[in-house]
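Subject: Structure handover

Hi,

Here is the structure we talked about. Please have a look at it first; my notes on what I found follow below.

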Amino acid sequence: MASRTDVVGYLDPIAVHSTRQLWSRIIFALACSLPLLPQFGLNFPVAIILCVVSIPFAGYGVRVGTSGLVLIVAAIVGMFAFGLSALWWRADFPISSIGNYGVFALFVGYFLSRRSGSFDVARLFCLIAIATAVSYLVFGSEDSRSSTISDLWKFSIGVPVTFGLVAAVVTSKWAKYSIAAMVFAAVLSLALNFRSLALVCLAAAALSFFFSKARSRTAGVRALAAALTISIIAIVLPRLMTAGVFGEEVRVRTARQLSSGAGLLLGGRTEPPLSFAAIARHPWAGWGSTQNIDRDTVGAGQAIARSLGMVDPGSYLNYWIRPDGRISLHSILLGSWAEGGIVAAVLPLLLIVLFAWGAVRSRGRLAPLAILLSVQGVWDLLFSPWSDNRSVLIAGSAALVILVLRHSAALSSSGGASSRKLEGAS
């Protein structure tokens with residue numbers, strides 16, 4: 001009979017790890033939280049060197065698997081797409097976009113090629129998240145270190161601290177409290193005006209409650225219950241915000257965005273209309289650089305914005321065109337598509353599919369963490385740019401979701417007593 005480590009490398013969580021393994025994780029996590037090139041910040045961490053050095057010994061083709069190789073190939077092809085688009089339009093070379101795709105490919109390969117299994121990756125991911133948060137506190141800009149706790153949570157440490165908290169809980173003896181940890185992070189985020197993280201945590205908690213231990217015979221009922229719960233959260237939460245339950249700052253911001261006529265989502269994240277206009281102009285080859293987007297396209301974006309209820313250009317133009325003249329699309333998916341064309345968008349599209357699948361198909365002890373990473377991953381790909389340590393965190397999220405889905409497939413195929421035994425080990 002196959003051992004637990006034979007089944008997709010799923011390591012017993014109570015196994016005693018050597019001091020050497022612990023220190024190797026700590027060193028790697030610290031290397032992930034230190035910039036290799038200061039001008040690019042944590043987008044290019046020191047750990048890149050460790051990943052490159054490990055390639056000859058990693059056995060990528062053996063342990064990374066088909067899903068991992070598809071993501072790595074998509075990242076490499078996307079890098080070429082960015083470069084060719086820039087050459088075609090004679091635009092400035094998109095070093096940041098190319099570099100982030102390269103960092104993603106290196107790190108997703110590194111995480112998936114580790115021999116110790118998914119619990120080892122989860123523990124490593126926990127340390128990376130914590131080290132990232134500490135890095136913001138210690139090495140962040142003067143503005144970030146002198147900002148309010150609310151701004152610090154929203155713009156720096158909120159996401160990595162939440163990741164670290166839930167990862168620490170699911171890999172400890174307190175794993176049964178993982179959903180409670182997500183609810184706690186949601187309430188804290190609401191109190192500190194980080195509404196999107198709060199919504200992500202509540203949605204992940206609901207999905208974890210209904211899906212992480214679901215069986216096929218109740219999958220349909222649980223899916224309906226999860227959908228209803230998330231719908232109720234999406235309806236009730238804005239009303240609680242506007243009622244001032246979570247503080248005056250949250251109430252004022254939410255009310256202002258709702259009064260814009262574009263709804264809470266577009267009121268808070270105004271760039272999609274400009275992205276749609278830019279992609280519509282050059283859907284295949286992209287613009288080479290988002291800074292090439294011209295006035296006519298901005299005008300077309302304004303027309304799309306008006307059709308979506310965004311009637312006041314003053315409420316969004318300063319987000320589209322920053323004070324230094326830089327154009328911001330604030331989306332990994334839409335920004336990649338606009339800059340490098342449809343080929344460059346393949347990687348984020350594949351990641352969205354992976355995370356969507358992970359959000360509803362993850363099972364076992366690590367499922368709550370995989371679901372949280374999946375929901376946050378979809379949000380980041382749609383509404384966040386490549387910044388800070390996001391390329392490493394998304395690579396780690398993708399690798400962990402792939403490993404948990406492999407284990408979930410093993411649980412589904414084993415069934416009965418074998419399934420319960422595997423879940424007990426997880």
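**Salt bridges**

A search of the whole structure, which is a predicted model, turns up six salt bridges.

Start with D120 and R114. Their side chains form a salt bridge at 2.5 Å, N to O. Both residues, D120 and R114, are buried. The pair also belongs to a network of salt bridges that links R25, R114 and D120.

Next, E271 and R322. Their closest N and O atoms are 3.8 Å apart, and the two form a salt bridge. This pair ties together distant parts of the chain, 51 residues apart. E271 sits in the loop between α13 (263-268) and α14 (272-281). R322 sits in the loop between α16 (317-320) and α17. How accessible is each partner? E271 has a relative accessible area of 1%, so it is buried. R322 is at 22%, so it counts as partly exposed.

D324 reaches 60% relative accessibility, so it counts as exposed.

**Helix α17**

Is helix α17 buried or exposed? Eight of its nine residues (332-340) are buried, so the helix is largely enclosed by the rest of the structure. The buried residues are I332, L333, L334, G335, S336, A338, E339 and G340.

Both ends have something to check. At the N-terminal end, S331 caps the helix. One of its side-chain oxygens lies 3.5 Å from the backbone nitrogen of L333. Just after α17, G341 takes a positive phi of about 85°.

Helix α4 covers residues 65-89, 25 residues in total. From first C-alpha to last it reaches 36 Å, close to the 36 Å expected at 1.5 Å a residue. Its buried residues include G65, G68, L71, I72, A74 and A75. Further along, G78, A81, F82, G83, S85 and A86 are buried too. An α-helix has 3.6 residues a turn, so residues three or four places apart point the same way. Just after α4, R90 has a positive phi of about 50°.

What does S97 touch, leaving out residues up to four places away in sequence? S97 touches F82 and E339. F82 is one of the buried residues of α4, and E339 is one of the buried residues of α17. S97 itself lies in helix α5 (residues 95-112). It has a relative accessible area of 12%, so it is buried.

**Aromatic pairs**

The structure holds 12 aromatic pairs. In one of them, the rings of F82 and Y101 have their centres 5.0 Å apart and their planes at 80°, so the pair is edge-to-face. It links distant parts of the chain: F82 is in helix α4 and Y101 in helix α5, 19 residues apart. Both F82 and Y101 are buried.

W174 and Y177 form a tilted pair, at 6.1 Å centre to centre and 40° between the planes. W174 has 48% relative accessibility, so it counts as partly exposed. Y177 is at 41%, so it is also partly exposed.

Ring pairs join F28, F107, Y110 and F111.

**T297 in α15**

T297 is found in helix α15 (residues 295-307). Its relative accessible area is 0%, so it is buried. The T297 side chain makes a polar contact with the side chain of D294, at 2.7 Å. Not counting residues up to four places away in sequence, T297 touches L274, A277, A278, R281 and W287.

**Confidence**

The protein averages a pLDDT of 83, and 79% of the residues score at least 70. Over residues 1-9, pLDDT stays under 50. The model has 17 contacts beyond four places in sequence for residues 1-9. Residues 416-426 also have pLDDT below 50. That stretch has 24 contacts in the model beyond near neighbours in sequence. Where pLDDT is low, the predicted coordinates should not be read in detail.

Best wishes

Conventions:
Residues are numbered from 1 along each chain as its sequence is written. Side-chain values use heavy atoms; hydrogens and water are left out. Buried means under 20% relative accessible area, exposed over 50%, partly exposed in between (1.4 Å probe, protein chains only). Helices (H or I, at least four residues) and strands (E, at least two) are DSSP runs, numbered from the N terminus. A polar contact is a pair of N or O atoms within 3.5 Å; within protein, one must be able to donate a hydrogen and the other to accept it, and residues adjacent in sequence count only if both atoms are side-chain atoms. The expected span of a helix is 1.5 Å times one less than its number of residues. Contact means heavy atoms within 4.5 Å. pLDDT is the predictor's confidence in each residue, from 0 to 100. A salt bridge is a side-chain nitrogen of Lys or Arg within 4 Å of a carboxyl oxygen of Asp or Glu. Rings of Phe, Tyr and Trp (its six-membered ring) pair if their centres lie within 6.5 Å; planes under 30 degrees apart count as stacked, over 60 as edge-to-face and the rest as tilted.
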